[in-house]
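Work through the exercises below with the sequence and the 3D structure open beside you. Try each task before you read its solution.

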Amino acid sequence: MPENTTDAPQQWTPLHGTPYRPVPYHPERMPAEESLAHAERLRQRMDERRTVRRFSTDPVPGQVLRDAIACAATAPSGAHQQPWTFVLVKDPEVRRRIREAAEHEEKISYDGRLGEEWLAALRPLGTDAVKAHMTDAPALIVVFQQRYWLGEDGTRHKHYYVDESVGIAVGMLLSALHLSGLAALIHTPSPMRFLREVLDRPENEKAFAVIPVGYPAEDCEVPDLVRKSLDQVIVEV
Ligand code: IYR
């Protein structure tokens with residue numbers, strides 16, 4: 001049968017064991033001047049991003065969320081295995097259950113599990129065990145890492161560099177959300193096992209982060225933080 005004769009997009013299946021099949025890649029080179037202009041504008045725009053913990057309950061366009069997730073899913077990954085699942089939670093009842101379970105764990109953490117040193121590190125951020133953002137923000141993106149993949153016969157196959165791959169994808173997700181005009185928060189309730197149960201995810205998936213997304217509340221405040229300057233983060237040799 002001839003391959004891919006329709007206009008339907010090709011469906012991804014694991015590449016595992018298939019031969020190397022290169023295709024030409026010749027993107028048009030951007031003139032340096034244009035590159036500089038993009039880089040400067042992007043640097044300004046990214047510097048405007050702040051982690052938000054006080055959200056408006058106003059809805060956000062669902063397609064912006066789906067497009068941002070599509071951006072994240074273009075991330076490079078170990079052996080191109082794309083070991084991620086993004087669960088987009090809009091249902092208020094599911095958000096309420098996630099908040100309840102997260103606050104249960106966070107209360108234990110803030111009441112002592114974190115320890116003095118960790119609590120001292122968090123003090124300038126003004127965080128606490130109350131996670132109203134989970135029910136105020138109109139959407140949560142719960143990111144799962146697929147620790148391994150399951151063959152059709154149920155055999156487990158290794159995924160490579162899962163933490164790195166999912167971390168890169170989440171960085172791209174945060175950038176896409178910000179550049180699309182939305183605010184977000186990376187929240188990592190610990191332990192996060194409850195997320196697999198609440199969201200009914202399979203055994204090979206492990207929660208990586210919960211990301212409330214929306215607009216900042218009208219009375220939103222953020223801590224007065226200073227970023228490291230370029231010369232503090234860059235070493236040129
Ligand atoms: N997970 C907790 C604590 C927390 C930990 C770090 I490191 C932060 O940068 C922020 C919070 C919470 O979400 O409150």
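Predicted model: local features only at pLDDT ≥ 70, side-chain atom pairs only at ≥ 80, totals over all residues.

**Exercise 1. The surroundings of the ligand**

Solution: 

Step 1. Look for pairs of N or O atoms within 3.5 Å. Glutamate 106 has a polar side-chain atom 3.3 Å from a nitrogen atom of the ligand. For tyrosine 110, a polar side-chain atom is 2.5 Å from a ligand oxygen atom. In the side chain of lysine 131, an N or O atom is 2.5 Å from an oxygen atom of the ligand.

Step 2. Consider the surface of the ligand: taken alone it exposes 370 Å², and the protein buries 70% of that.

**Exercise 2. Strand β2 and its neighbours**

Task: Decide whether strand β2 (residues 139–146) is enclosed or open, and identify its pairing partners.

Solution: 

Step 1. Apply the cut-off for buried, under 20% relative accessible area. Eight of the eight residues of β2 are buried, so the strand is largely enclosed by the rest of the structure.

Step 2. Recall that side chains in a regular strand alternate between the two faces of the sheet.

Step 3. Separate the two directions in β2. Ala139, Ile141, Val143 and Gln145 point one way, Leu140, Val142, Phe144 and Gln146 point the other way, and all are buried.

Step 4. Find the partners. Strand β1 (residues 84–89) pairs with β2 in the antiparallel sense over six bridges, with threonine 85 opposite phenylalanine 144. Strand β6 (residues 205–214) also pairs with β2 in the antiparallel sense, over eight bridges, and here valine 142 stands opposite valine 210.

**Exercise 3. The largest nonpolar core**

Task: State how many residues the largest nonpolar core has, and which element gives the most to it.

Solution: 

Step 1. The core has 23 residues. Those with the most contacts inside it are Phe86, Ile141, Val143, Leu173, Leu177, Ile211 and Val213.

Step 2. Assign the core to elements: α2 (62–72), β1, β2, α6 (162–179) and β6 each supply at least two of its residues.

Step 3. The largest contribution, seven residues, comes from α6.

Methods: Residues numbered from 1 in each chain as written. Heavy atoms only, no water. Polar contact = N/O pair within 3.5 Å; in protein donor to acceptor, adjacent residues only side chain to side chain. Areas by Shrake-Rupley, 256 points an atom, 1.4 Å probe, with all protein chains shown as cover. Buried < 20%, exposed > 50% of the residue type's maximum accessible area, 1.4 Å probe, protein only. Helix = DSSP H or I, 4+ residues; strand = E, 2+ residues; numbered from the N terminus. Pairing = 2+ DSSP bridges. Core = buried A, V, L, I, M, F, W, Y, C linked by side-chain atoms within 4.5 Å.
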